[in-house]
Amino acid sequence: MARNKEKLVLLLDVGPSMHGVLSEVEKLCSMLVEKKLIFSKYDELGVVVFGTEESNNDLTTEVGGYQNITVLQDIKVVDGDLVDTLQKLPRGTVDGDFLDAIVVGMDMLIKKYKDLHKGKKRLCLITNAIHPIKDPFEGSKEDQVMTIAEQMAAQGMKIESIVVRGRFSRDANKGVMDENDHLLSIFSKKTHTRTVYVDTPTSLLGALKTRRVTPVTVFRGHLELSPQMKIKVWVYKKTQEEKFPTLKKYSEKAPASNKLATHQVKVSYEYKSVDGYSNSVIPPEQRIKGYRYGPQVVPISTAEWDAVKFKPEKGIKVLGFTDASKIKRHCYMKDVYLFIAEPGNTRATLAVSAIARAMKEMNAVAILRCVWRQGQQNVVVGVLTPNISQNDKIPDSFYFNVLPFAEDVREYQFPSFNSFPASWQPNDQQQKAADELVQMLDLAPSGKEALLPEFTPNPVLERFYRHLELKAKQPDAAVPPLDETLKKIIEPDPELVAENKSVFDALHRHFELKQNPKLKKSSRQWYQEKQSGSNAHVSGGQAVNSIENQPPVKIEKIGDLTPVQDFEAMMSQRDNPEWVEKAIKELREKILALLIHPDGEDKYQKAVECVAALRKGCIIEQEPGPYNDLMHRIRQYCEEKGIKSLPQLLASRDLTLISKSEAEDSNVTAEEARSFFVKMEPKPDV
Amino acid sequence: MGLDPEDVFKDEEDDPDNEFFQQSESSKEYVVYLVDASPKMFNTTCPGNDQKDETHFHTSVSCIAGSLKTQIISRSYDEVAICFFNTREKKNLQDLNGVFVFNVAEREHLDRPTARLIKEFDCIEESFMREIGSQYGIVPGSRENSLYNALWVAQALLRKGSIKTADKRILLFTNEDDPFGSLQDAAKKDMTRTTLQRAKDAQDLGISIELLPLSRPDSEFNVSTFYADLIGLDGEDLAQFMPSASQKLEDMKDQLRKRMFTKRVVRRIEFHIANGLSIALNTYALIRPTVPGAITWLDSVTNHPLKTERSLICEDTGALIQEPPKLFQPYRNENVKFLPEEIAEIKRISPGKLRLLGFKPLSCLKDYYNLRPSTFVYPSDQEVVGSTCIFIALHRSMLKHKRFAVAYYGASSHPQLVALVAQDEITSAGAQMEPPGMHMIYLPYSDDIRDDEEIFPDTEEDAPRADEDQIQKAAALIKRIYVKDFSAFQFANPALQRHYAVLQALALAEDDIPETIDETAPDEEGLTRPAVVKAAEAFKLSVYGDSYDEESDMGKEKMSEASRKRKAIAENAAKDYDWGNLADKGQLKNLTVGDLKVYLNAHNLPVSGKKEALISRILTHMGK
């Protein structure tokens, strides 16, 4: 724990030009400390603000100069007060000098730690860098920065600069900005540096990694291209989801007077036999794992299992290269790995670089079989893609994504879009409206990509830590709503929407939705919607667009042509409860008429359809009487006339009596319902 | 029966959605294997897999056995019955001659396959002649018609369940293309007619009859003699039938053991495109890691399943906690408490909605923007009419302009920023390879992305970069090991296949576990081809030079000066120990674990475990 303690000094620009984003800076920094309080509570932190009216730092008292820089907090182990300090940053009055602030920060680190803790000391600068820094007494600004950077490297310090630009610095002097950018870039030549430019408050919140994770390799060893050619690589995780913190369970059983109570809750699992009589707990050594094999469970002991299970050898092997287009993006299964050449191994770095660049040129990817460690129970097959470094300092590397196995893919079939009725196909104007939207609602105009994942904070976690801080002070605080900055992540940017009003208007004009806002619908609503739905469907088949917006016609009688549809329409007319009764009665009569005068070739098909509709209708209305009555009459009729096909047809579609389990009022048991037609099924002639 | 009004009408014919999905929605399959057991099946042979001749009966039976073994893992809820005809004995509910329904104890005739069924069926050939017997069922002068009887029995077996929820099939294995060939004209005509009628009746009830014909090398099974009429083949289908049938037989034997999932909507979500414009989408899980199946804990004495009971116990008082407890996070030296509802509230951000934020070019979707398997979305007009139309329009635009949509998905447990990537339909030889729709890819947040590649920059010099020649050599090597037609999921999971094989061996009490092939092993043979070796050597020479010694170049900077010194001291000290003497006096326990490990390392022994384990390992090694 202790060896990973980080020593960080925050250098915050609070000058007038920064006031617009200071509330975000406050949130970002307090989040940083909040997380440190939970995950790395022995880290040490100091806070320096610059651009203040007063000056208060060691250097100004010792050697003079270094004006307008205030040490808000000397370096100390993080605590709750720091959060409070960072949440109330002073608003400065003068334009600060970030280089002076860096020197003050370095001075604090050097005084406190001498040259110990190399690599654990870090400076974090947040500024907009739009104001010129003071000219040094001798030499150029560049020389000065160079000297500082060298000193920093010698002390084993890192610096991270977050430069807030974009809409906050529109009227700033371009020359000064370029000069400052150049000066900051010198740091990156000399020392461990990360400089990022952000242009929205939202990305400012995501600009600083608020939780430090010590990188751990997943694998160190050979990447085997062929038995002859191997490259030494280290594998890290490139993405790993930061999970919602696992909260512990709190017990309120301990009396309030007990000051030593831990309030912890232990979760215990007991395994009991289910035979009912003995409720005995089975000890762990008497338990054995079982796996399903059909209806049976096959017991397999761990020892047995170990003897026979799949045991691959550790190693990473290339199975082959293939065209990048063969691997679909949606097949990536998990978080992503990073393959780098063994650090310090120049030849391995060269080999990785050569392969990566060749792959890029050929648009190829490699398929790998990985076993990260000895004793791993499975292999991982995945795709290696090249990552050509844009930064001269950083070697080329690879990304690795896990691919699914044959068993992991579920081959569901979906109807082709072309098979849909014409009314579902967009016409030219609709297509044009969609094209406009796709092009105009642009999140990446000319290189300025909004919502870049690298700079997008997780709104849920932001909200949790803010609520946690709030609750620490005020135990009954309500969950805070998302503020405007975070809303940008979950809602479209209002500015972008306003700019493209015409596009949205066109969209509204060309597309029409008939929707039911409620998610869970009663049968009634379903009837209504189904009706409108079937209308649209019919219109698609016959005459495009002719009756799309036609209101449902009031059905007062069940006709001969479409009795089922008429029936459903009538059932859904809710203005008068009599409609239901009338609908059921009319359909019943229709069915009987169809039986006596079967129409056309498919004989009883229509009658059966009507019976099906009636059955469902009667179940929904919980009126089993009329339906069951009818069924008895049908059976009687068929027996008299010796009709075999109709009962068979009905039985095959499960159109038997409505049983008690389906409608409360029925007096038919499920058993009776099932055997209703079986009883009379004529014996097949031998 | 719970009545969900949405489901009540789901099977309605005029429901547009359902019309398209019907074929995939029947959830179960009922299959009757109908095997001809006439003497002809035993007399005729054809070359089998290992070049040995095997009887047609054996081919059929082993095919069914293989299929059953696959099915018990992939679709164990499907039900099967096995039925022989042209048998000496008879066993069926209708008491018809020449038909024998094979079954084992604790199982209905048409039921889920059990280990016992598979096991006993595996050795059916040994006892077949004794217990069931083979005999021609259709002979001149008799009114018996065993094929007719068999179809009748099969149909009766399949009476169970509704055709709406189950797919019913009869698979008929035979090598007799003219079953009534031996009969006289009138009798033949009559029997042909009644048999065809019987088959038609079955088909009218929604049962499909499939024929798996077995041919001899010298005379091909002639479908048109009789069976074309029985299974309803004509025209082009008829010509296509024989080649596809033999393929089917092969497929049945060599199916992958893979758990099948029925197509299911994971969630219905609302896709909010603009104010007042929200369409309905269904989400599907097309790709999810398959695990070996749930573990059921058993009592090792009785082999009865155990019930797991979870209880919460207060650590301070030992009292049992009934109600769902509060949660807490230690923070600022105190415990900040949360109600479960508060946690849910924190996570609740535009619940159940997918909100469109905008579009980006596909090049912005980096390879490392991935956290979990993607989810497939497909529009539905069921709840919001017009959804499909908008979806198709956007889908086409996104494909045309090569852009993806960024949206916020407010899933209740895991709200996240997602990328929606349009996928065009891809079909190959009439089969759908990629369905049309969009894939929802879960994007990482800033804290989820790590910059580990940036931690080792050499501060003074630029990172080494390969030159043009080295890249050319690499490209040459890549070309040598290039796979043209790779499919992203062509490999079976070796661990899973092994698991299934072990499970089968244990369940059926087989003596040896069948070998499983690790398809993911590299093509050793291919990699030793001279051309590949040459390319590899050339590349190696170009990047490593000719004096590269892998071991010496390894991790020079890895160990710091201090730790190397420490290690050297420890090793020197340990070398001086008189290990044999210490072991004899039982003084090994006085040494530190570090010292013990030095010995173990020196002798290439594992260094894991507690101190006692280390000591005992040393003693074993010394032979004491």
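In chain A of this predicted model, Leu11(A) stands opposite Leu125(A) of strand E4. The two strands involved, E1 (residues 7-13) and E4 (residues 121-127), run parallel and are joined by six bridges; strands, like helices, are DSSP runs numbered from the N terminus (strands E, at least two residues; helices H or I, at least four). Both strands belong to an open sheet of six strands with mixed pairing, ordered E3-E2-E1-E4-E5-E6, where two strands pair if DSSP finds at least two bridges between them. Strands E3 (69-77) and E6 (193-198) of chain A stand at the edges with a single partner strand each, so one side of each lacks a neighbour in the sheet. From one strand to the next, the twist averages 10°. Strands of a sheet pair through backbone hydrogen bonds, in either the parallel or the antiparallel sense.

Helix H4 (residues 98-113) of chain A lies across E1, E2 (44-50), E3, E4 and E5 (157-164) of that chain, and runs at about 30° to E3(A). Axes are lines fitted to C-alpha atoms, for helices over the stretch in contact, and angles between N-to-C directions run from 0 to 180 degrees. Glu160(A) forms a salt bridge with Arg122(A), with the closest N and O atoms 2.5 Å apart. Because Glu160(A) lies in strand E5 and Arg122(A) in strand E4 of chain A, the pair ties together parts that are 38 residues apart in sequence. Over all chains, the count comes to 43 salt bridges, each defined as a side-chain nitrogen of Lys or Arg within 4 Å of a carboxyl oxygen of Asp or Glu.

Chain B contains an open sheet of five strands, ordered E5-E4-E1-E6-E7, also with mixed pairing. Its edges are formed by strand E5 (99-102) and strand E7 (207-213) of chain B; each has a single partner strand, so one side of each is left without a neighbour in the sheet. The twist in this sheet averages 20° from one strand to the next. Within the sheet, strands E1 (residues 28-36) and E6 (residues 166-174) of chain B run parallel and are joined by eight bridges, with Val35(B) opposite Phe173(B) in E6(B).

Between the chains, 234 residues of chain B are in contact (heavy atoms within 4.5 Å) with 237 residues of chain A. About 22400 Å² is buried between them, 61% of it on carbon and sulfur atoms; buried area is the accessible area (1.4 Å probe) that two parts lose on being put together, summed over both. Seven salt bridges are counted between chain B and chain A, including that of Lys360(B) with Glu449(A), whose closest N and O atoms are 2.8 Å apart. Helix H12 (residues 387-401) of chain B gives the most to the side of chain B that touches chain A, with 14 residues. That side divides into 123 nonpolar, 44 polar and 67 charged residues. Strand E9 (residues 248-250) of chain A pairs in the antiparallel sense with strand E13 (residues 326-331) of chain B over three bridges, and Lys248(A) has Phe328(B) as its bridge partner in E13(B).

Residues are numbered from 1 along each chain as its sequence is written, and chains are lettered from A and ligands numbered from 1 in the order in which they are written. Local features need pLDDT of at least 70 and side-chain atom pairs count only at pLDDT 80 or more, whereas totals for chains, interfaces and linings use all residues; side-chain values use heavy atoms, with hydrogens and water left out.

Key:
Nonpolar A, V, L, I, M, F, W, Y, C, P; charged D, E, K, R; others polar.
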